[in-house]
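Let's take a walk through this chain together, from the overall layout down to one helix. Have the viewer open as you read.

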Amino acid sequence: MYRIIKCMYLFAACSTLFFTACDSDNPDDACSYNNQIVVLQNQLTADVDTFLQSVSYPEANTAVLYQSAQKSTQSVTEKLKLIKQFEGGTAFYIETQNYIKACQNTLLDEGTKIVELKAKLSLNYNQKDLMLINQYCNVFYAKIKAAAVKFDKAQLDFADKHHFEVITYSKND
């Protein structure tokens, strides 16, 4: 139960949608750049969270959701490359890349182990494997959360530098 709450927190904290309010009417300004980046971050976060949530549901096909999350990291990476970097937005862009890499690496490390253990549990349920899954999920969560915190800080610094406000709300608002 504790792990489910942590996973839900991951979704609420990392998948927070960011919208901006700023004074400029120029659609190619810092606000637009921010929103383009955040759309990608939210897409990836949702796919990673869906994979992580699937562990809690025996009927969920965790392996398929794992593949989907992996594809999402590739897709988001390609879309990010198409976004022209905003002058003065290098740190924000780099932290976005770091967030994507953290998701990708965590999927490869802990995600692979989670998928293997979930498949094993579906054949032969045992407490040891369940505890291992919970441990891997906790490590997974901690790595993604650390990357998300750095992303959020870079975004707030970018907003402060370019004089616009970041307004957050969770999916439940």
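Predicted model: local features only at pLDDT ≥ 70, side-chain atom pairs only at ≥ 80, totals over all residues.

Residues are numbered from 1 along each chain as its sequence is written, and side-chain values use heavy atoms, with hydrogens and water left out.

The chain holds five helices and two strands, taken as DSSP runs numbered from the N terminus (helices: H or I, at least four residues; strands: E, at least two). Starting at the N terminus, their order is α-β-α-α-α-α-β. Of the 173 residues, 42% are buried, meaning under 20% relative accessible area with a 1.4 Å probe and protein chains only, while exposed means over 50%. Taking a contact as heavy atoms within 4.5 Å, 79% of the contacts between residues at least 6 apart in sequence join residues at least 24 apart.

Now turn to helix 3, residues 62-82.

Which residues of helix 3 are buried? They are Thr62, Tyr66, Ala69, Gln70, Ser72, Thr73, Val76 and Leu80. Viewed down the helix axis, these buried residues fall within an arc of 150°, so they line one face of helix 3; the arc is that of the directions from the axis to the C-beta atoms. An α-helix has 3.6 residues a turn, so residues three or four places apart point the same way. Cover for the buried residues of helix 3 includes helix 2 (30-54) and helix 4 (90-123). On the face turned away from the buried side sit the exposed residues Lys71, Lys81 and Leu82.
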